[in-house]
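Here is a report on one protein model. Start with the sheet, then move on to charges, cavities and backbone.

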Amino acid sequence: MTVSRRLFVTAATALAVTGIPTMAAAASDDRSYRIRVSPDDTEADLVRTASHVRPTARQIAWQSLERTAFLHFGVNTFTGLEWGTGDEDPDVFQPTGLDTDQWAAALKDGGFRLAILTVKHHDGFVLYPSRYTDHSVASSSWRDGQGDVLRSFSESMRRHGLKVGVYISPADENQYLHGVYANGSARSPRTIPTLVADDDRTPDRFHTLDATDYGAHMLNTLYEVLTEYGPVDEVWFDGAQGHIPPEKVESYDWDSWYTLVRTLAPDAAIAVTGPDLRWVGNESGMAREDEWSVIPVKENQYGRTDWAMSYDTPDEGSRAALVKAQPATDYLQWWPAECDVSIRDGWFYHADQQPKSVDYLTEIYFGSVGRNAVLLLNVPPDTEGLLHGTDVVRLREFRERIERELPQDLTARGRTTSAPGRVTVDLGTEHEVDRIRLAEDIRHGQQVESFVVEAFRDGTWTEVTGAGTVGASRILLLSAPVRARRWRLRVTQARSAVQIKEFGLYRSRV
């Protein structure tokens, strides 16, 4: 048959030689992205359960993005801090040359498809005029108090074809200073939105959700952001606590926050302290060598999705990991990894820092996108309100480098055949290959546990490379080009029927 880049090892034939049973598979709704496990489950039970976990439509859409951008911007940009104090004079915020179209154009040119703005960082300063705090752009003389970075950002991203994400920090130093954050208040039913004096809103629906005083403040903030600025595709939370005494730690109302996001932005992925995607566990942008999207989780603190093991465990999802985590596991869940890293040393702009080299960024790309994760690269706007020219050039160079690393797929005009546990590509003529890209059709789960790639040379199949997991994206770099006409992917271990979406062969131009 004529090859396409969607190559399937079908459920009817896949891995029959290994004795692994086949199963019907389909794209998930929200019921099969997490499956409860029992303390009595055997290893075989756990593996079988893991093989049935499926991503939701929003998770599939998110994993297809590959490269997303972070934009840390706020009072810290002007004070030089990484973590603000909450008592900053809002008038310090003066991005007199703000141009969010410049941000969007540069990010699109860099190959990014979604951007996340720090609408509120830990200091509590918000980048839009909120009804619920004076610590905002409305209290700055910038644009006579009429400025709204979030509106400019969201409109610019959509105008340039990028999706919109928002980061709203759970921590809030300003609300702590005002006696709201970590004040010890009890959870009780709260009406959202909470209308204020001279409020001109007439919501079609009010939401009654359990929250503390601060939890209600966050709910009102989320309501403003998710109802007044158009569609949002990612809502980004971390688990930060404020610089407060340990005995006053705020217990966050995760269940209510998740519920409001799901209601107001049902297509938005909730990250990274959220049920849709997780922090990879470091800020270097690097995923694990074998990164599983199906991992053991538990629920903490009012429904928070949390790791059954530590966030930095080297192995989160293998058979051994499933067994090791079992005593603390509530569910096996589709919880893919997001790899965050900044283009500069800091998250906010500092004039004395320079962007990472193209070589370094390329290494990060292969260590994140190439290992079944999504790269989240922070590019901080400067004090003028622009992405620095050096960073803009670096983003373009980064995109061009990846295009040279992975130019035209050589299989595009070849012929493909499949057999149990195998996909074979005949390129028609011999070609040198030094990059191999694989992907499972994750609508049917993540099943591959190990595989090899072989080339037919001198009358025999010879192993060229191999690895463990595949998932949504696996990119293998060969130390030297291998020349062959026929190539084969052979799955050596899997949890259930494997469906391969992509088997791409490339000769880099670097």
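An open sheet of 8 strands runs in the order 8-7-4-3-2-14-13-9, with parallel pairing. Strand 8 (269-272) and strand 9 (278-279) stand at the edges, each with a single partner strand, so one side of each has no neighbour in the sheet. Strands and helices are DSSP runs, numbered from the N terminus; a helix is H or I with at least four residues, and a strand is E with at least two. Two strands pair if DSSP finds at least two bridges between them.

This is a predicted model: local features need pLDDT of at least 70, side-chain atom pairs count only at pLDDT 80 or more, and totals for chains, interfaces and linings use all residues. Residues are numbered from 1 along each chain as its sequence is written, and side-chain values use heavy atoms, with hydrogens and water left out.

**Inside the sheet**

Look at strand 14 (residues 373-378). Of its 6 residues, 6 are buried, so the strand is largely enclosed by the rest of the structure. Buried means under 20% relative accessible area, exposed means over 50%, and partly exposed lies in between (1.4 Å probe, protein chains only). Ala 373, Leu 375 and Leu 377 point one way from strand 14. Val 374, Leu 376 and Asn 378 point the other way.

Which strands pair with strand 14? Strand 2 (residues 67-71) pairs with strand 14 in the parallel sense over 4 bridges. Here Arg 67 has Leu 375 as its bridge partner. Strand 13 (residues 337-342) also runs parallel to strand 14, joined by 6 bridges. In that pair, Ser 342 stands opposite Asn 378. From strand 13 the chain crosses through helix 10 (residues 358-368) to strand 14, a right-handed β-α-β crossover. Right-handed means that, with the strands pointing away from the viewer, the path from the first strand over the helix to the second runs clockwise.

Strand 7 (residues 234-237) pairs with strand 8 in the parallel sense over 4 bridges. Phe 237 stands opposite Val 272 of strand 8.

**Charged pairs**

Side chains of opposite charge can pair when their charged atoms come close. The structure holds 39 salt bridges. A salt bridge is a side-chain nitrogen of Lys or Arg within 4 Å of a carboxyl oxygen of Asp or Glu. Among them are these pairs:

| Pair | Closest N to O |
|---|---|
| Asp 109 and Arg 396 | 2.7 Å |
| Arg 201 and Asp 199 | 2.8 Å |

Take the pair of Asp 109 and Arg 396. Asp 109 lies in helix 4 (residues 100-109) and Arg 396 in helix 11 (residues 389-405), so the pair ties together parts that are 287 residues apart in sequence. Asp 109 is partly exposed at 23% relative accessible area, and Arg 396 is partly exposed at 32%.

Asp 213 sits in helix 7 (residues 213-228) and Arg 190 in strand 5 (residues 188-192), so the pair ties together parts that are 23 residues apart in sequence. Asp 213 is partly exposed at 30%, whereas Arg 190 is buried at 17%. Arg 201 and Asp 199 are both buried.

Salt bridges also form a network. It links Asp 359, Arg 401, Glu 405, Glu 432, Asp 434, Arg 435 and Arg 507.

**Cavities**

How many cavities of 30 Å³ or more does the structure hold? There are 2. On a 1 Å grid over the protein atoms alone, a cavity is a set of points where a 1.4 Å probe fits but cannot get out; lining residues have an atom within 4 Å of a point. The largest cavity has a volume of about 50 Å³, the space filled by probe spheres set on the points. Its lining is Gln 63, Glu 66, Val 369, Asn 372, Ala 373, Ala 472 and Ser 473.

**Backbone exceptions**

Most residues other than glycine have a negative phi, and most peptide bonds are trans. A cis peptide bond joins Ile 192 and Pro 193, with omega of about 0 degrees. Pro 193 lies in the loop between strand 5 and strand 6 (207-211).

Arg 143 is not a glycine, yet has a positive phi of about 50 degrees. Asp 144 has a positive phi of about 55 degrees. Arg 143 is found in the loop between strand 3 (114-120) and helix 5 (149-159), and Asp 144 lies in the loop between strand 3 and helix 5. Arg 143 is partly exposed at 40%, while Asp 144 is exposed at 70%.

How values were computed:
On a 1 Å grid over the protein atoms alone, a cavity is a set of points where a 1.4 Å probe fits but cannot get out, and a pocket is an open set with protein on both sides within 12 Å along at least five of seven lines; lining residues have an atom within 4 Å of a point.
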